[in-house]
Amino acid sequence: RLDADQIVKEIAEKLGRTAGVSYTNIAKEAISNGRTELAIKLLDYEPRATLQVPLLLGLGKVEVALVKAIESGNTDLVYTVLIHLHENMQLGNFEMKIRQFPLAQALYLKYCKEHNRERLRTIYMQEDDHSAQAACFIQDAYSPQSSTTRESSLVAASEKFKIIKSDLHASLCEEQLKLLKYQRTLEEKFHQEFVNGSLQDTLVSLLTLGEVKLADKLRTEYKVPDRRYWWLRIESLADQNKFAELETFSKSKKSPIGYEPFVDVCLKHNRQSEALKYMPKVREELKEKYISKLGKAS
């Protein structure tokens with residue numbers, strides 16, 4: 001019986017890369033004649049991974065199939081091999097195997113992120129990857145499909161950040177957790193939705209309710225910059241048509257954002273007469289621009 005290596009060599013020398021020649025078909029013929037080893041060697045000459053890989057899987061050469069799929073750069077083909085491995089190996093063995101192949105591991109993690117987050121967390125736990133675990137908990141905290149509460153996810157994320165000494169991220173989680181708890185108390189008090197909002201959303205809602213003292217307190221606690229807060233106050237008062245209060249606010253202290261925003265919000269609500277009140281305080285280099293704005297609005 002002729003040696004498989006010798007047969008493959010002779011076939012390759014005669015056929016080379018001749019157009020229209022399918023080494024996959026020759027390999028299938030070898031399989032039908034009980035020459036499995038020959039078939040595997042013939043598949044090395046098959047340039048089309050889409051034909052090569054499925055036949056290798058059928059021959060039980062899963063690792064070779066995975067390597068060929070990865071080398072092809074075809075992610076769909078890699079997924080085909082991963083599915084085959086997943087269905088035919090114990091889960092632990094499967095995950096140990098694909099860790100040897102970075103691309104395969106990355107694609108599996110991507111799949112888990114989208115379809116099996118519980119398994120994703122388990123993998124990160126097994127690898128002691130606290131950073132990835134923290135990121136996973138953060139995503140869960142804001143995912144509408146999550147089965148865990150936002151509070152528990154934020155607490156878990158904060159703990160993981162502390163383990164890797166990422167104090168800033170741990171602090172951000174704790175601040176968000178504190179805001180979340182405060183939002184729940186606001187919902188109980190005012191009987192409207194606060195929980196799904198950002199810090200800015202919460203401030204705007206409080207200002208809209210006329211709860212300026214609560215907004216001021218929240219702004220101080222979370223160190224909201226003056227410029228940002230003044231914008232919120234100005235827009236909130238204008239949106240509520242409280243132009244007398246807007247004027248009073250403008251005189252409370254020197255505006256950290258200038259007085260152009262007062263003119264802008266008045267014009268936005270077609271209140272030219274109110275806008276005129278702030279024109280004397282508009283910066284000299286912007287006077288011409290704002291006179292033009294007033295002219296166009298009238």
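Biologist: Which helices each supply at least two residues of the lining of the largest pocket?

Modeller: They are helix 6 (75–88), helix 7 (91–98) and helix 8 (102–115); a helix here is a DSSP run of H or I with at least four residues, numbered from the N terminus. This is a predicted model, in which local features need pLDDT of at least 70 and side-chain atom pairs pLDDT 80 or more, whereas totals for chains, interfaces and linings use all residues. Residues are numbered from 1 along each chain as its sequence is written, and side-chain values use heavy atoms, without hydrogens and water.

Biologist: What makes a residue part of the lining of the largest pocket, and which residues are they?

Modeller: A pocket is an open set of points on a 1 Å grid over the protein atoms alone, where a 1.4 Å probe fits and protein lies on both sides within 12 Å along at least five of seven lines; a lining residue has an atom within 4 Å of a point. Among the residues that line the largest pocket are Tyr79, His86, Phe94, Tyr111 and Arg119. By class, the lining has nine nonpolar, two polar and one charged residues.

Biologist: Why is Cys136 said to be in no disulfide?

Modeller: A disulfide requires a pair of cysteine sulfur atoms within 2.5 Å. The structure holds zero disulfides.

Biologist: Why is Cys136 called buried?

Modeller: Buried means under 20% relative accessible area, calculated with a 1.4 Å probe on protein chains only. Cys136 has 2% and is therefore buried. Cys173, with 5%, is likewise buried.

Biologist: How do you know that the length of helix 10 agrees with expectation?

Modeller: The expected span is 1.5 Å times one less than the number of residues. For the 12 residues of helix 10 (residues 130–141) that gives 16 Å, and the end C-alpha atoms are 16 Å apart, so the two agree. The buried residues of helix 10, including Cys136 and Phe137, pack against helix 9 (117–126) and helix 11 (150–163).

Biologist: Why is Glu260 called buried, and with which residues is Glu260 in contact?

Modeller: Its relative accessible area is 4%, under the 20% limit, so Glu260 counts as buried. Glu260 lies in helix 17 (residues 260–268). Contact means heavy atoms within 4.5 Å; leaving aside neighbours within four places in sequence, Glu260 is in contact with Val282, Arg283, Leu286 and Tyr290. Glu260 and Leu286 are 26 residues apart in sequence, yet 8.4 Å apart in space, C-alpha to C-alpha.

Key:
Buried < 20%, exposed > 50% of the residue type's maximum accessible area, 1.4 Å probe, protein only. Nonpolar A, V, L, I, M, F, W, Y, C, P; charged D, E, K, R; others polar.
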